[in-house]
Amino acid sequence: MNDEPNPTTTPEWEELVADADGIAAEYRENGWDAVVLEPIDVTPVERADRAGLDVTIAESAYDRVADLVGSDDVSFGDAEVYYRPSEGKDRRFALVVERDEHSESAVFVPVTYALSASRAVFERALREEDLQLHIRPEAADEWIVFSHDDPSLFLEEADVREWTDG
């Protein structure tokens, strides 16, 4: 088990953020409004008021996403998930692109999580067919929720088989 809770300074993380920047540049070249988040922390959470992954970002980035989500012209209902194979490791990495085709707006959310620490969250998400990403500002107790009805996109196939068969 990896005892580093959120390695947002590892080479794998830096590669993921660079990929997010590159894909976002392609979106912008095609006329999209693309916001790339740089999470400070990603934490599994299971509470009465929310369950999923808490993604903590800087206040200024949160304000930009909140303005985009709050716009009457924008409705995020589509997502792409670029999952990186774990190569047998506990630490997982994925890039989530929250999209609104109509307004051509996208929010890029790099995430990392230790599977061992997140297992209960993912098992619940698979049962309920809903994995939520809670985008949170660093200094406030508020969040924006992006919901994913196919949590298996965030996991290895073997994990999904093991958890759903057992």
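This is a predicted model: local features need pLDDT of at least 70, side-chain atom pairs count only at pLDDT 80 or more; totals for chains, interfaces and linings use all residues.
Residues are numbered from 1 along each chain as its sequence is written. Local features need pLDDT of at least 70 and side-chain atom pairs pLDDT 80 or more, totals for chains, interfaces and linings use all residues, and side-chain values use heavy atoms, without hydrogens and water.

**Exercise 1.** Work out how ring pairs link Y27, W32 and F108.

*Solution.* 
1. Start with the rule: rings of Phe, Tyr and Trp (its six-membered ring) pair if their centres lie within 6.5 Å, and planes under 30 degrees apart are stacked, over 60 edge-to-face, and the rest tilted.
2. A search of the whole structure gives 4 aromatic pairs. One of them joins Y27 and W32, edge-to-face, at 5.0 Å centre to centre with 80° between the planes.
3. Next, the ring centres of Y27 and F108 are 5.2 Å apart and the planes stand at 90°, so this pair is edge-to-face.
4. Now check burial (under 20% relative accessible area is buried, over 50% exposed, in between partly exposed; 1.4 Å probe, protein chains only). Y27 is buried at 10%, W32 is buried at 12%, and F108 is buried at 0%.

**Exercise 2.** Find what lies over the face of W143.

*Solution.* 
1. A charge sits over a ring if NZ of Lys or CZ of Arg is within 6 Å of the ring centre and within 35 degrees of the ring normal.
2. R50 lies over the face of W143, 4.0 Å from the ring centre.
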